[in-house]
Amino acid sequence: MHELFERPDDAPVWQAAAEGAVPDWTKFLSNYVAATDWPSSLFWDSMAAVFPDAPILLSTRSDEETWYASVVKTVLPATQQAEDSPWRDMACALFKKGVDIEDLLSPTKEQMIAGYRAHNARVRELALSDRSFEWQPEDGWGPICEALKLPVPATDFPHENTRKDFAERIGSGTPAPKT
């Protein structure tokens with residue numbers, strides 16, 4: 001998610017992917033060793049096919065209400081309030097793909113939660129169990145390190161991308177980056 005704000009020229013690529021034109025992931029992601037968060041989480045299956053040795057981590061929240069409360073305080077209003085731009089077009093296309101909502105200006109709570117459930121169910125159903133695991137941020141390093149067979153770092157688990165972090169990143173009155 002952080003990268004979307006730093007790389008506005010990538011917005012058309014993500015939008016095209018949401019609309020069915022999947023990019024060459026090896027080329028598009030060549031400067032990275034991992035993909036996390038939104039929007040990459042929407043394309044986990046096509047990325048997993050291209051990177052067959054990569055683990056698949058399904059990050060969830062403690063419950064649907066927690067996820068919903070976060071989305072309606074961050075990404076959804078930022079997208080709804082963004083000025084007309086490639087970033088907004090991309091975000092709308094990604095929302096439509098991710099939660100299957102056509103009218104992004106007035107989605108219902110039920111529609112949003114149904115999209116969250118469907119995404120998680122699809123990952124659980126299709127991800128290969130020997131390379132996938134489920135995790136929640138409050139779980140910290142332990143489950144991730146165990147799944148990756150890595151030692152737990154001596155540093156505290158980072159807590160980034162909070163609602164406050166998101167609000168500071170987009171700035172007051174500026175819900176999305178200008179392109």
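Reader: How many nonpolar, polar and charged residues are in the lining of the second largest pocket?
Author: The lining of the second largest pocket has four nonpolar, three polar and four charged residues. Here Ala, Val, Leu, Ile, Met, Phe, Trp, Tyr, Cys and Pro count as nonpolar, Asp, Glu, Lys and Arg as charged, and the others, Gly among them, as polar. Bear in mind that this is a predicted model, where local features need pLDDT of at least 70 and side-chain atom pairs pLDDT 80 or more, while totals for chains, interfaces and linings use all residues. Residues are numbered from 1 along each chain as its sequence is written, and side-chain values use heavy atoms, leaving out hydrogens and water.

Reader: Which residues lie nearest the centre of the second largest pocket?
Author: A pocket is an open set of points on a 1 Å grid over the protein atoms alone, where a 1.4 Å probe fits, with protein on both sides within 12 Å along at least five of seven lines; lining residues have an atom within 4 Å of a point. In this case eleven residues line the second largest pocket, and Leu42, Lys97, Gly98, His119 and Arg122 lie nearest its centre. Its space is about 200 Å³, taken as that filled by probe spheres set on the points, which are joined across faces, edges and corners.

Reader: Which helix supplies the largest share of the lining of the second largest pocket?
Author: Helices are DSSP runs (H or I, at least four residues), numbered from the N terminus. The largest share, four residues, comes from α8, and α4 (44–50), α7 and α8 (109–126) each supply at least two residues.

Reader: At what angle do α2 and α7 pack?
Author: Axes are lines fitted to C-alpha atoms over the stretch in contact, and angles run from 0 to 180 degrees between N-to-C directions. Helix α2 (residues 11–18) packs against α7 (residues 86–99) at about 25°, with the axes 8 Å apart. The two are therefore roughly parallel, a label for angles under 35 degrees.

Reader: Which residues of α5 meet α8?
Author: Contact means heavy atoms within 4.5 Å. Glu64, Glu65, Trp67, Tyr68 and Val71 in α5 meet α8 at Lys109, Met112, Ile113, Tyr116 and Arg117.

Reader: What joins Trp38 and Pro39?
Author: A cis peptide bond does, with omega about 15°. Pro39 lies in the loop between α3 (25–28) and α4, where Asp37 is also found. Phi of Asp37 is near 70°, a positive value in a residue other than glycine.

How values were computed:
Parallel < 35°, antiparallel > 145°, perpendicular 65-115°, else oblique.
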